[in-house]
Amino acid sequence: MNRLICLLFSLAGMLSMQAQLTLIVDALPANTPATDAIHVAGNFQNWDPGNAQYQLIFDSAQQYHSVTLPQGVTSIVYKFTRGSWSTVESDANGGFRPDRTYTGNDGDTVR
């Protein structure tokens, strides 16, 4: 019985890892501090600007990406931050930047 329960939890975990929405940031503004973490905050995680679960990963291809958006999330409103609302993304002049939006399908990649 314990083996069956373990198997079911393993299968559920594997299914939840499939077909998630992936966000990729190819480049950051030149004045972004290299040591600062980049986070995504949005309607899918209660707009928490510094949630470690939504910190983008810097990879060997020199891209920031996150594959942790919950499965089934296909319509999002979001912003990128450096961990707080005082370091939220802005336009080229340092001014307000409207929320980003995306509507698509599980398994999509947004750049």
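pLDDT is the predictor's confidence in each residue, on a scale from 0 to 100. You will want it here, since this is a predicted model: local features need pLDDT of at least 70, side-chain atom pairs count only at pLDDT 80 or more, and totals for chains, interfaces and linings use all residues. Residues are numbered from 1 along each chain as its sequence is written, and side-chain values use heavy atoms, without hydrogens or water.

Start by colouring the chain by confidence. The average pLDDT is 81, and 81% of the residues score at least 70. Confidence is lowest in helix α1 (residues 2-17), with a mean of 41, and highest in β2, at 95. (Helices, H or I of at least four residues, and strands, E of at least two, are DSSP runs numbered from the N terminus.) Select residues 1-17: pLDDT is below 50 there, and the stretch has 2 contacts in the model beyond near neighbours in sequence, a contact being heavy atoms within 4.5 Å.

Next, select β5 (residues 75-81), where 5 of the 7 residues are buried; buried means under 20% relative accessible area, exposed over 50%, and partly exposed in between (1.4 Å probe, protein chains only). β5 pairs antiparallel with β2 over 4 bridges, and Val-40 sits opposite Phe-80. β5 also pairs antiparallel with β6 (residues 100-103) over 4 bridges, with Val-77 partnering Thr-101. Strands count as paired if DSSP finds at least two bridges between them.

Most residues other than glycine have a negative phi. Asn-46, however, has a positive phi of about 65 degrees and is exposed at 71% relative accessibility. Trp-47, in the loop between β2 and β3, has a positive phi near 55 degrees and is partly exposed, at 28%.
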